[in-house]
Amino acid sequence: MEYISSKNIFLLLRDTLKLIDRKPMDHGSRVGYIMCKMLECKGGYEQFELADFLMLATLHDIGVYKTDKTEGSAIQYEFKNPMPHSTYGFLFLKHITPLADKAKMVLHHRTALNNFPKEDFEYKEETEFLELAEAAEIYHSALGKEFDYRMFRKQEGVFYSKRALDYLDIAVSKYDIFSHIEDESYQKELDALLDYMIFTNEDKKKFMEVLMYCIGFRSDVALVDAVTSLCVSLELAKKLELSEGSSEKLYYGSLVHDIGMLSVPASIIEAPRKLTDSEIVEMRTHVEKEEKILLNRLDEEIVSIATMHHERLDGSGYPKGLKGSMMSKEQFIVQLADVVTGLTCERSYRKSKSKDEVIKILKEEGERGKLDRRTIEVFIDNYDDIMQLVSEECKKALETYQMLNNKYGKISEKISK
């Protein structure tokens, strides 16, 4: 069964990143539009191929979330020193996502033409188009009506290729692309193109797991939290003998259950003290923001699994104050997994709880009618096995990040020399 379409996979990833900072994604969407119109003018591409290039172009600055302070504009991180985010984005797309074949485009999207690798590489011509589309979007955003795309002809053969410049000329003449960006009508064109996205089920799952690594852009602790919740949920599903369909929905729901936290300021999440009343209110808004992103993207039952992780059986939870009879076994599991994650993972204001402490707290929550007792019993009975798996999976995830950081460091050192 299809729980999410290829188009919605992309939109979910894009909008999750917007919770951290929307500027790189909005910039990427406009760059993708310009680039796809240039490719249309060139011809020879199927619609699904253009949709793939649109996704790549939209995500081409994904490295910014890890390497740069994104409070500034695209001009700052693209022109001041573009190599850090270009390098990290290349490594992230190559090793974490199904876009590995196009990742090199991101590495060279701010490389001057006369500094391009001498050897040919796949999608080299499309990279030239991406490079010019990027510059055109940045200058158009900065200059508005005063922008004249013909200014780039001064850098022909030095920074931009003649063929890319020629197809930009044609795209402006044929499609009036900058007017469409100004009135935002380009967004409808992009939305129509996204209908042609085609991902295999394996690719969809890989992209969903990319969301987990995006949560890790904030910190290693956030990544460990995400992996812990997922592992605990899936192991409980096995122990409770959920059906294959229920387990699959639980997998998706657990993966995305905390993406709304990306909208909460780090100063609140990492506060080494008790939160104020206003900070608690802001923290709790993450569920509504998450629900807004997930609705109409994922199967409704999966959305409910994800967004009810702070509800409690006695109605004392949030945001809807639902009671036990209104919730499912899958929702009980994610609620417990979220609590276990909070107890067993370190926080800025305290160390992780011991096994005895965790068990004591969970039993108390069951007796008070907060969490499902059967789910608690199964978790406690299998505590060591489940938490051993959590430890192994967290280690794998952190090793992947460390691998990216090591390669990033080596490439950066090579480039600086």
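**Exercise 1. The largest pocket**

How much space lies in the largest pocket of this predicted model, and which residues lie nearest its centre?

*Solution.* 
Step 1. Take the volume: about 1,500 Å³ of space lies in the largest pocket.
Step 2. Turn to the lining, which is made up of 43 residues. Nearest the centre lie M261, M283, H310, R347 and Y349.
Step 3. Find the elements that give two or more residues to this lining: α13 (220–239), α14 (244–256), α15 (266–269), α16 (277–284), α19 (329–344) and α20 (355–367).
Step 4. Sort the lining residues by type: 18 are nonpolar, 11 polar and 14 charged.

**Exercise 2. Ring pairs**

*Solution.* 
Step 1. Recall the cut-offs: planes under 30 degrees apart are stacked, over 60 edge-to-face, and the rest tilted.
Step 2. For F147 and F152, the planes stand at 55° and the centres are 6.1 Å apart, a tilted pair. Both F147 and F152 are buried.
Step 3. For F159 and Y160, the angle is 50° and the centres are 5.0 Å apart, so this pair is tilted. Y160 is buried, at 5% relative accessible area.
Step 4. A cluster linked by ring pairs holds Y139, F147, Y149, F152, F159, Y160 and F178. The structure has 19 aromatic pairs.

**Exercise 3. Salt bridges along the chain**

Which parts of the chain does the salt bridge of K7 and D191 tie together?

*Solution.* 
Step 1. Start with the contact. The closest N and O atoms of K7 and D191 are 3.1 Å apart.
Step 2. Locate the partners. K7 is in helix α1 (residues 6–20) and D191 in helix α11 (residues 186–194), so the bridge ties together parts 184 residues apart in sequence.
Step 3. Check burial. K7 has a relative accessible area of 17%, so K7 is buried. D191, at 35%, is partly exposed.
Step 4. E40 is partly exposed at 31%, while K37 is buried at 9%.

Note on methods:
Residues are numbered from 1 along each chain as its sequence is written. This is a predicted model: local features need pLDDT of at least 70, side-chain atom pairs count only at pLDDT 80 or more; totals for chains, interfaces and linings use all residues. Side-chain values use heavy atoms; hydrogens and water are left out. On a 1 Å grid over the protein atoms alone, a cavity is a set of points where a 1.4 Å probe fits but cannot get out, and a pocket is an open set with protein on both sides within 12 Å along at least five of seven lines; lining residues have an atom within 4 Å of a point. Grid points are joined across faces, edges and corners, and a volume is the space filled by probe spheres set on the points. Helices (H or I, at least four residues) and strands (E, at least two) are DSSP runs, numbered from the N terminus. Ala, Val, Leu, Ile, Met, Phe, Trp, Tyr, Cys and Pro count as nonpolar, Asp, Glu, Lys and Arg as charged, and the others, Gly among them, as polar. Rings of Phe, Tyr and Trp (its six-membered ring) pair if their centres lie within 6.5 Å; planes under 30 degrees apart count as stacked, over 60 as edge-to-face and the rest as tilted. Buried means under 20% relative accessible area, exposed over 50%, partly exposed in between (1.4 Å probe, protein chains only). A salt bridge is a side-chain nitrogen of Lys or Arg within 4 Å of a carboxyl oxygen of Asp or Glu.
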